[in-house]
There are 2 protein chains.
Amino acid sequence: MPARTRATSLPAPSRLDLGRLRNACSACSLRELCLPAGLEQREIDAVDRLVNRRRPVARREYLFRSNTPLQSLYAIRTGFMKTSVLHVDGREQVVGFHMPGDLMGLDAIGSSRHVCDAIALEDCEVCEIPMDKLELLSREIPALQAHFHRILSREIVRDHGMMLLLGGMRAEGRLAAFLLGLSQRFAARGYSSTEFVLRMTRADIGSYLGLKLETVSRALSRMQDNGLIGVRNRHLRIIDREKLQAAAAHCAGKAT
Amino acid sequence: MPARTRATSLPAPSRLDLGRLRNACSACSLRELCLPAGLEQREIDAVDRLVNRRRPVARREYLFRSNTPLQSLYAIRTGFMKTSVLHVDGREQVVGFHMPGDLMGLDAIGSSRHVCDAIALEDCEVCEIPMDKLELLSREIPALQAHFHRILSREIVRDHGMMLLLGGMRAEGRLAAFLLGLSQRFAARGYSSTEFVLRMTRADIGSYLGLKLETVSRALSRMQDNGLIGVRNRHLRIIDREKLQAAAAHCAGKAT
DNA sequence: CGCACTTTTGAACAGAATCAAGTTTTGTGG
DNA sequence: CCACAAAACTTGATTCTGTTCAAAAGTGCG
């Protein structure tokens, strides 16, 4: 057994532990999404121990609620979730849709309290990552630290993209960009990028895109009529990606 | 002289060095904004050494440009800046306004390249913080690490707020919320929260709020007529904060 | 299997964009 | 310091996109 060189939370090489192994990050299909590349074995083991447990979240259940103290971040293992905040007048505004491999709760770090509600759009399973342990471990594993910073930063970039979309595009362009974004995220996870299921309602999409649900419905119909997409209930197919991209680019409209 | 207990980038207690001292974070009026509380003296010294130098940025000059490699983050010491991204069709969209104490470049960490342009709205002075050194030092000073995470997270929260505003409020509400936000940020920096100068053009404000400059102008006029504010060129005064808050809350409109 | 929710579609309306002057401010060079 | 040109701002009239209101059809959950 190798000698431990200094006090650290890195574990000795793990023994066989089937119960843990089944849940291990090292065995997770989302590894590339969640973990930085190039970790040493004992670092991977440490990360495995970092992740507390898998936890199921039933459809319509809250993973966390606004104003609740932040204890853990959550990585989605399976399923689809949405995050939303409430307007002063009580209306709900969706601020994000989240799929397997996404890390949730990042916006709570600033105040140590959640600032949005996270709701499962279907039955989900999430990995719980205690925030304090994450900060501890990322001090010891520079690659993990850098990876975490990248994730935070990318969230900012994503939000800037949304600001762009909300501030400068019209209905059809927003929808086109939204669908292309989903497509890309599905592709990155190994799912079909041309055919997928919209797990959220039209109202959710509208809220996210700053549109009314009727407008979403109309825009989808029009895009279907023009042969860009096929929609049937929540099942969506991208038929002409070129045209869809053109719609997203061109429907920038509003010569801000 | 105290013995150094382990290899580290923390310096020995600094000697008198007037040139450095004048620029030191420890002497900076923005200390509370930039630095975590409760650092030990030698930690503060380390942070002082982290910040490379003050650098002037003339009005209209770029602090950094999109797609440029990220080397450093920048903290604004004096002056006002804006960040913007370009739409596919070349239109500029403002994604943020930045004032003393703000940290810029956070959105570049994800890709190691800047994803927006930063332009000085007036003559500025910024502190350059090399990213690699920051990550190094934050591994050694947990308080610094936590502070940095908080800053990143708060940026995400701020952006969510913008999404809310862009997605769910109408022109006058957006403007009211924008002005109140500015007011609050000025207050946090010790400036007047009721009377200040808008360093940006109406077009910049419009771009930021997803409105045309004419709409901004009209909304400002109307709010002036109704006694909420006083505007004279770029000089703005908040006359009736209650009503302004009501406008921001009530003009949520759009029953999304 | 039925009831509630979701979605589609239509018609009227409203808010903001666009187009168009005209005015004021600012910045520059003489 | 003034004059002039460019930029920024205000205001009005018109147009158009998206919202609102309304009703009917479709889905799927319990």
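Which residues are linked with Lys82(A) in a network of salt bridges? The network comprises Lys82(A), Glu92(A) and Asp204(A); a salt bridge is a side-chain nitrogen of Lys or Arg within 4 Å of a carboxyl oxygen of Asp or Glu.

1. Basis. This is a predicted model, in which local features need pLDDT of at least 70 and side-chain atom pairs count only at pLDDT 80 or more, while totals for chains, interfaces and linings use all residues. Residues are numbered from 1 along each chain as its sequence is written, chains are lettered from A and ligands numbered from 1 in the order in which they are written, and side-chain values use heavy atoms, with hydrogens and water left out.

2. Confidence. Chain A has a mean pLDDT of 89, pLDDT being the predictor's confidence in each residue, from 0 to 100. Helices (H or I, at least four residues) and strands (E, at least two) are DSSP runs, numbered from the N terminus.

3. Salt bridges in chain A. In the pair Lys82(A) and Glu92(A), the closest N and O atoms are 3.4 Å apart. Lys82(A) lies in strand 4 (residues 81-86) of chain A and Glu92(A) in strand 5 (residues 92-98) of chain A. Lys82(A) counts as buried at 8% relative accessibility, whereas Glu92(A) counts as partly exposed at 28%. Here buried means under 20% relative accessible area, exposed over 50%, and partly exposed in between (1.4 Å probe, protein chains only).

4. Salt bridge in chain B. Asp204(B) pairs with Lys82(B) in a salt bridge, with closest N and O atoms 2.9 Å apart. The two residues are 122 residues apart, Asp204(B) being in helix 7 (residues 202-209) of chain B and Lys82(B) in strand 4 (residues 81-86) of chain B. Both Asp204(B) and Lys82(B) are buried.

5. Surface near DNA strand D. There are 20 residues around DNA strand D, a residue being near if one of its heavy atoms lies within 4 Å. Helix 8 of chain B gives the largest share of this surface, five residues. Sorted by type, the surface holds four nonpolar, six polar and 10 charged residues (Ala, Val, Leu, Ile, Met, Phe, Trp, Tyr, Cys and Pro count as nonpolar, Asp, Glu, Lys and Arg as charged, and the others, Gly among them, as polar).

6. For Arg234(B), a side-chain N or O atom is 3.0 Å from a phosphate oxygen of DNA strand D.

Terms used. Polar contact = N/O pair within 3.5 Å; in protein donor to acceptor, adjacent residues only side chain to side chain.
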